[in-house]
Amino acid sequence: MSMSSRLREVIMEDIPDITSDTVDRLRKLNINSVYQLAVQTPSELVLEISDGLFDIGEASNLIGNARKILTERQILSKEFSTADDLLEKRNKISRYATGSKKFDDFLNGGFESQAITEISGEFGSGKSQICHALCVAANNLVENNKLDDDDENKQSAAETIIFIDTENTFRVDRIYQIAEQNGFDPLTILQKVYHCKIFNSEELESVINNLDKSIEQYNTKLVIVDSIISLHRAEFSGRETLGERQQRLGKMLNKLRRYADIYNIAVVITNQVVSYTDNSQFGSDYIKPAGGNVMGHSSTYRIFLKRSGKNRLATIFDSPYHPNQQIKFSISDDGIQNASSYKGPENVDGNDSTW
Ligand code: GTP
Ligand code: MG
């Protein structure tokens, strides 16, 4: 079942005991659908957007009822679900492919909906390149989506991607190139990619907070945030602001998680790394994903990239569904390539000794 038909199915008036006055008040706050209500938390609604129109009791009731409706329509899981219900929900998962068979197999078919997948790694390790390759895959998503309900028109052309770019590294010509090399019509793909350029952390928070409207408007299936952390890291750099940074980061991730669940979309975020010195007998330097526990606990899947000569290694860890495993890939004009079949030029970064 496609998102557009789901959105049509559930209307505000379906919420138990809702009055037209309440619907009007919600519209005043620019909450226009059951989904947009269900992604709120009561305290968000009251403290951040309600403008005195709702108190906490009414807000929790309303949000609870909105979630109840979505649960009844099997869009959200019940608090206590039997395993077969969960299986049904899992069967609704869509997978979004990068076009590199090996990389997609590594992810059991592609980046999953109802999940946040984090890609971390040092500069130049290929995070943004994977995000670009993933845009190209928008073209054949629907046909690949064999696990979705089959009572709907799978050929819908309305599937879109939102690409949130905080580092100004989005390159439309690169998507064009990868699309062309893979035999897709580049313009068809570019029409499906909504680019959103962000300049500061507050703007990022605000865009993420209001993303439900765009997800509905554009019928988005995949949200990419490249990168989730760079602006916050730059703006909250001191030790004394670390707590605030983590709290803000956690809030964004929490919201993205709710979108992934409620809208059945895939969220892919990139993360930077921190180096730390191991004080053990080896005394050597290590790197690990930035963002600490907040980041670690928010992502469903975590992928770590590193360079290995002219190739790259991707490791998936902390996944409930994938064994801890590693693959080698490379970046070429075609996008993400199997390392074994890659016959392109040597890496000219001149930085290979890092790994
Ligand atoms: P940061 O954002 O700096 O943290 O790095 P990143 O992990 O996002 O790295 P990115 O994905 O930008 O990878 C950069 C590498 O991809 C470059 O060093 C090149 O090796 C490769 N690359 C980038 N563009 C192209 C391209 O157009 N063609 C080919 N063949 N390789 C490219
Ligand atoms: Mg990048």
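This is a predicted model: local features need pLDDT of at least 70, side-chain atom pairs count only at pLDDT 80 or more; totals for chains, interfaces and linings use all residues.
Me: Which residue in β7 does V225 stand opposite?

Reply: Strand β7 covers residues 266-271 and runs parallel to β6, to which 4 bridges join it. Within β7, the residue that stands opposite V225 is I269.

Me: In what order do the 9 strands of the open sheet lie?

Reply: The protein chain has 16 helices and 13 strands. Strands of a sheet pair through backbone hydrogen bonds, either parallel or antiparallel. In the open sheet of 9 strands the pairing is mixed, and the order is β5-β4-β6-β7-β3-β10-β11-β12-β13.

Me: Which are the edge strands of the open sheet?

Reply: The order of the sheet begins with β5 and ends with β13. From one strand to the next the twist averages 25°. An edge strand pairs on one side only, and this holds for β5 (193-197) and β13 (335-338).

Me: Which strands does α13 lie across, and at about what angle does α13 run to β6?

Reply: The buried residues of α13 pack against β6 (220-226), as well as α3 (34-38), α12 (201-209) and α15 (242-262). Helix α13 lies across β4 (160-165), β5 and β6, and its angle to β6 is about 135°.

Me: Why do the buried residues of α13 line one face of the helix?

Reply: Helix α13 spans residues 211-218, and its buried residues are L211, D212 and I215. Viewed down the helix axis, these buried residues line one face because they fall within an arc of 105°.

Me: Which residue just after α13 takes a positive phi?

Reply: Helix α13 is made up of residues 211-218. Just after this helix, a positive phi of about 55° is taken by N219.

Me: Which strands does α15 lie across?

Reply: Helix α15 (242-262) is among the elements against which the buried residues of α13 pack. Relative to β3 (115-121), α15 runs at about 135°. The strands that α15 lies across are β3 and β7.

Me: Is V46 buried or exposed?

Reply: V46 has its place in helix α4, residues 42-49. A residue is buried if 20 or more other C-beta atoms lie within 10 Å of its own. V46 has 20 C-beta neighbours inside 10 Å, so V46 counts as buried.

Me: What distance separates the C-alpha atoms of V46 and A59?

Reply: Leaving aside neighbours within four places in sequence, V46 is in contact with F54, D55, I56 and A59. V46 and A59 are 13 residues apart along the chain, and their C-alpha atoms are separated by 6.9 Å.

Me: Which element gives the most residues to the shell around ligand 1?

Reply: There are 16 residues around ligand 1, and F123, S125, K127, S128 and Q129 come nearest. The elements that give two or more residues to this shell are α8 (127-136) and β12 (325-332). With 3 residues, the element that gives the most is α8.

Me: How many residues of α8 are buried?

Reply: The buried residues of α8 include K127, S128 and Q129. Helix α8 is mostly covered, and the count of its buried residues is 10 of 10.

Me: How do the residues of the shell around ligand 1 divide into nonpolar, polar and charged?

Reply: K127, S128 and Q129 are among the residues that come nearest to ligand 1. Over the shell, the division is 2 nonpolar, 9 polar and 5 charged.

Methods: Residues are numbered from 1 along each chain as its sequence is written. Chains are lettered from A and ligands numbered from 1 in the order in which they are written. A residue is near a molecule or strand if its C-beta atom, placed from the backbone, lies within 6 Å of it. Ala, Val, Leu, Ile, Met, Phe, Trp, Tyr, Cys and Pro count as nonpolar, Asp, Glu, Lys and Arg as charged, and the others, Gly among them, as polar. A residue is buried if 20 or more other C-beta atoms lie within 10 Å of its own, exposed if 12 or fewer, and partly exposed in between; C-beta atoms are placed from the backbone. The arc is that of the directions from the helix axis to the C-beta atoms. Two residues are in contact if their C-beta atoms, placed from the backbone, lie within 7 Å. Two strands pair if DSSP finds at least two bridges between them. Axes are lines fitted to C-alpha atoms, for helices over the stretch in contact, and angles run from 0 to 180 degrees between N-to-C directions.
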